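Please look over the sequence and structure first.

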Amino acid sequence: MKNQKKYKKCSLAIIVIDKDKFLLQLRDDKQNIKDPNLWGLFGGSIKKNEKPIKALTREVEEEINIKVYKIKKFCKIFYKKDMMECYIYIININKPRIKLNEGQDFGYFSFEKVISNKVFSKKTTNYHQVTHTTLKAINKYYNIYYSKK
């Protein structure tokens, strides 16, 4: 049997605010993390023996201090280059009170702004790109839920 490398697993949330904005996190500017200093979805790594949805609820609560109960499974995205398997979920909520515990900034952005791949942070006073995973997931979400309207 061949020695196969295991994919790292993560759970990420497309958090939809008031039906037309996406809540994103500006990731920390630390070189020891994946996608530093880029806008991305909230979520994170799945611990050993942890279910993806449990990891998502844990990560969202850790990162922005919100307990979520209504979560919809959306898709999986694989990245061979990074050996990553990402479980993507959808959370629809009204504008919540956010207490940012991880990352540099957060914001509510339209689909057009996200896919422009140039999103402004009030805290850093700079434009930052969006992670590849975020672009792919939000594009897929938009194509399924909005392109038919």
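## Loop residues with positive phi

Asn117 sits in the loop between H2 and strand E8 (119–121). This is a predicted model. The phi of Asn117 is positive, about 60 degrees, although Asn117 is not a glycine. Its relative accessibility is 23%, so Asn117 counts as partly exposed.

Thr125 belongs to the loop between E8 and strand E9 (126–128). Thr125 is not a glycine either, and its phi is positive, near 55 degrees. Thr125 is exposed, because its relative accessible area is 53% and the exposed class begins over 50%.

Met83 also has a positive phi, near 55 degrees. Met83 is in the hairpin of E5 and E6, where 4 residues lie between the strands.

## Strand E6 and its partners

Which strands pair with E6? E1 pairs with E6 in the parallel sense, over 10 bridges. Strand E5 (residues 72–79) runs antiparallel to E6, and 7 bridges join the two. Among the bridge partners here are Lys76 and Tyr87, the latter in E6.

Of the 10 residues of E6, 8 are buried, so E6 is largely enclosed by the rest of the structure. In a regular strand, side chains alternate between the two faces of the sheet.

The cut-off for buried is under 20%.

Beyond residues up to four places away in sequence, Ile77 touches Met84, Glu85, Cys86, Ile88, Thr133, Lys136 and Ala137. Ile77 and Ile88 are 11 residues apart along the chain. Their C-alpha atoms are separated by 7.5 Å.

H3 has 14 residues. At 1.5 Å a residue they should span 20 Å. The end C-alpha atoms are 20 Å apart, so expectation and model agree. The expected span is 1.5 Å times one less than the number of residues.

Which residues of H3 are buried? They are Thr133, Thr134, Leu135, Ala137, Ile138 and Tyr141. These buried residues pack against E1, strand E2 (21–26), strand E3 (39–40), E5, E6 and helix H2 (111–115). An α-helix has 3.6 residues a turn, so residues three or four places apart point the same way.

Thr133 lies in helix H3. Its relative accessible area is 9%, so Thr133 is buried. Setting aside neighbours within four places in sequence, Thr133 is in contact with Leu12, Ile77, Tyr79, Cys86 and Ile88.

## The largest pocket

The largest pocket holds about 540 Å³ of space. Its lining has 24 residues. Those nearest the centre are Arg27, Lys34, Gly43, Gly44 and Ser45. Strand E1 (8–17), strand E4 (42–45), helix H1 (52–64), strand E6 (84–93) and helix H3 (132–145) each give two or more residues to the lining.

Which element gives the largest share? It is E1, with 4 residues. By class, the lining divides into 6 nonpolar, 9 polar and 9 charged residues.

## The second largest pocket

The second largest pocket holds about 190 Å³ of space. Its lining has 12 residues. Val16, Lys19, Asn92, Tyr141 and Tyr146 lie nearest the centre. Tyr141 is also one of the buried residues of H3.

E6 and H3 each supply at least two lining residues. E6 gives the most, with 3. The lining has 6 nonpolar, 2 polar and 4 charged residues. E6 and H3 also contribute to the lining of the largest pocket.

Terms used: Residues are numbered from 1 along each chain as its sequence is written. This is a predicted model: local features need pLDDT of at least 70, side-chain atom pairs count only at pLDDT 80 or more; totals for chains, interfaces and linings use all residues. Side-chain values use heavy atoms; hydrogens and water are left out. On a 1 Å grid over the protein atoms alone, a cavity is a set of points where a 1.4 Å probe fits but cannot get out, and a pocket is an open set with protein on both sides within 12 Å along at least five of seven lines; lining residues have an atom within 4 Å of a point. Grid points are joined across faces, edges and corners, and a volume is the space filled by probe spheres set on the points. Ala, Val, Leu, Ile, Met, Phe, Trp, Tyr, Cys and Pro count as nonpolar, Asp, Glu, Lys and Arg as charged, and the others, Gly among them, as polar. Buried means under 20% relative accessible area, exposed over 50%, partly exposed in between (1.4 Å probe, protein chains only). Two strands pair if DSSP finds at least two bridges between them. Contact means heavy atoms within 4.5 Å.
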